[in-house]
Amino acid sequence: MSFTIHGVGVSGGIAIGRAQLVSHAQLEVAHYDIPESQVTTEKARFDAAIAQVRQDLTELADHIPPGVPAAEFEAFLNLHRMILEDSTLSEVPKQLIESMHCNAEWALKLQMETLVEQFDRVEDVYLRERKADIQQVVERVLKALLGRPGYTVRNIPEENAILVAHDLSPADVVVFKQHHFASFITDLGGATSHTAIVARSLNIPSVVALHQARTLIRENETLIVDGNHGVVIVNPDDAVLTEYKLRQEQWQLEREKLKRLTRTKSATLDSIEVDLHANIELPEDVTLAKENGATGIGLFRTEFLFLDRGDLPSEDEQFEAYRRVALEMEGMPVTVRTFDLGADKQAPDASRVAPNPALGLRAIRLCLAEPRLFHHQLRAILRASHYGKIRILIPMLSSMHEIEQVLHLIREAKESLDEGGIPYDNSVQVGGMIEIPAAALSVNMFMRKLDFVSIGTNDLIQYTLAIDRSDDSVAHLYDPLHPAVLELVSHIIRSANRVGKPVAVCGEMAGDTRLTRLLLGFGLRQFSMHPAYLLAVKQVVLKTGVSDLAGTTQRILRSHVSDRIENLLQRMNV
Ligand code: PEP
Ligand code: MG
């Protein structure tokens, strides 16, 4: 049966391929049909997984870790063994495999849900809480079935695979960077969640916030992913397939045509130069940035270097990464943002889940709370500044006091390098991200201490409108054109221009061609975005006369009605 699901497109283009359900060792599993001839094999696979968990539990009992209270640990293992051996778990799933012709993981998950439901109805609190033990045992069996912990991707002819997941963390996506999938889609996430941002850097069409995709889509079904419109078509008929193949070709043709602009100087019709810089997550992204004509790196999100690892980076490792980018950019500016860890990008050793992570110990707050971590990063950036034109960018500033602390720590890092006779660029510029409303309102004061500012519109929108950017249930409220957002963005740009300090936008607004003219009208002359958008934005710049924008820009700023803003914007873009 063919059907369509709507979500939020986060990375443009059209992909046509087959669904590859992504499973987590948590209780999210693939569901696929198996032919009659494979039922016996599937049941044997299930038995083997049970046997493996039985053996694991025995081994654990034989090697109780030191320091663990032996009696309690044994009692816990015995309970898990009992659950494992109970026929409701070790036999019923096999009956389900037989009757439903489904895979073993799915049968086990169905049976677990039935058991958990029964436990939910039990009055006795102790017994009710045992459902967590059932889930843990099931998870062990699932891991055994899947062969390894964590995400698993099977049957990969990667170029045709469209990954279908309930949710992915930014770290998961970093792992996927090593593969070459056609596309990926998720149930959760917002357009500017960090997962979406890394998805964009994979340069493949993707859609998030689909809500039910993971449940509705079956393994191997044919999918069309339209990343431009946030649409996924499941099992399309021949006519739709033909139509989308045509659209896919047109999209590729347009991309090819845009390539001709790579070396064209970015300037408006009235000869105003506009810097188009790239956002990167890893040093290897520099290649794509240069291929798309970037004249600088406006945002290097350094925390992504290490998100898929279990430990924190050493100073030397960081130095190598920053130096590589500085060298490859051959004298063009490289803006290295200090770690923006916290919220949806947890540090590898993060031990505590904040009650409200987006408002918690994130970015510069975390770095100031962990001065050693920050000191090594600052030293690494400064050391790399000897090899190119590096600038330091501080995320999530909210007060002057933080700026003063940062500048003091930079001085300390410089002194420590001086003591060791290590070279660095003593005039390295220090800028701040303006992404909290308090910072936007204090920008004039901030600029007395900072060399430049960069507007992080993703967070500025999140914090101004109180909308969690990674929460799909409020994704529809995330509005770059909200009058309050426009007011703040134009205020920051105007303020910086007035005192002659460089100002850039490095949030996703910078790569949205619908907004290019509006931002130019606000006075913006430096944009930083995902490399894939650079040429499309340049095309708009080349066709724009800034002197024509003033009237409509003022009318947009004076308007407080969304529909009117949309209309004026459309008029500006014809
Ligand atoms: C932003 O907030 O707009 C930004 C560029 O930073 P990040 O998306 O990494 O939070
Ligand atoms: Mg931000």
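## Salt bridges and a magnesium site

Glu256 is partly exposed, with a relative accessible area of 47% (buried means under 20%, exposed over 50%, partly exposed in between, using a 1.4 Å probe and protein chains only). This is a predicted model, where local features need pLDDT of at least 70 and side-chain atom pairs count only at pLDDT 80 or more, while totals for chains, interfaces and linings use all residues. Residues are numbered from 1 along each chain as its sequence is written, chains are lettered from A and ligands numbered from 1 in the order in which they are written, and side-chain values use heavy atoms, leaving out hydrogens and water.

Let us stay with Glu256 for a moment. Its side chain meets that of Lys259 in a salt bridge at 3.5 Å, N to O; the term stands for a side-chain nitrogen of Lys or Arg within 4 Å of a carboxyl oxygen of Asp or Glu. Lys259 and Glu256 are three residues apart in helix α11 (residues 238-259), so about one helical turn separates them. Helices (H or I, at least four residues) and strands (E, at least two) are DSSP runs, numbered from the N terminus. Lys259 is also partly exposed, at 49%.

By this rule the model has 25 salt bridges. Three of them are set out here.

| Pair | Closest N to O distance |
|---|---|
| Asp33 and Arg218 | 3.1 Å |
| Lys290 and Glu330 | 3.0 Å |

Asp33 and Arg218 pair through a salt bridge. They link distant parts of the chain, 185 residues apart: Asp33 is in the loop between β3 (14-21) and α1 (39-62), and Arg218 in the loop between α10 (213-216) and β7 (222-226). Arg218 is partly exposed, with a relative accessible area of 30%.

Lys290 and Glu330 form another salt bridge. Lys290 lies in helix α12 (residues 285-291) and Glu330 in the loop between α13 (315-328) and β11 (333-337), so this pair ties together parts 40 residues apart in sequence. Lys290 is partly exposed at 27%, whereas Glu330 is exposed at 61%.

Elsewhere, salt bridges that share partners join Glu303, Arg337, Asp340, Arg362, Asp459 and Arg469 into one network.

Asp459 brings us to the metal. The magnesium ion (ligand 2) has Glu435 (OE) and Asp459 (OD) as its protein donors, 2.0 to 2.1 Å away. Glu435 sits in the loop between β13 (429-434) and α17 (437-441), and Asp459 in helix α19 (residues 457-465), 24 residues apart. Both are buried. Donors are N, O and S atoms within 2.8 Å of the metal (3.2 Å for Na, K and Ca), and water is not among the atoms, so sites may look incomplete.
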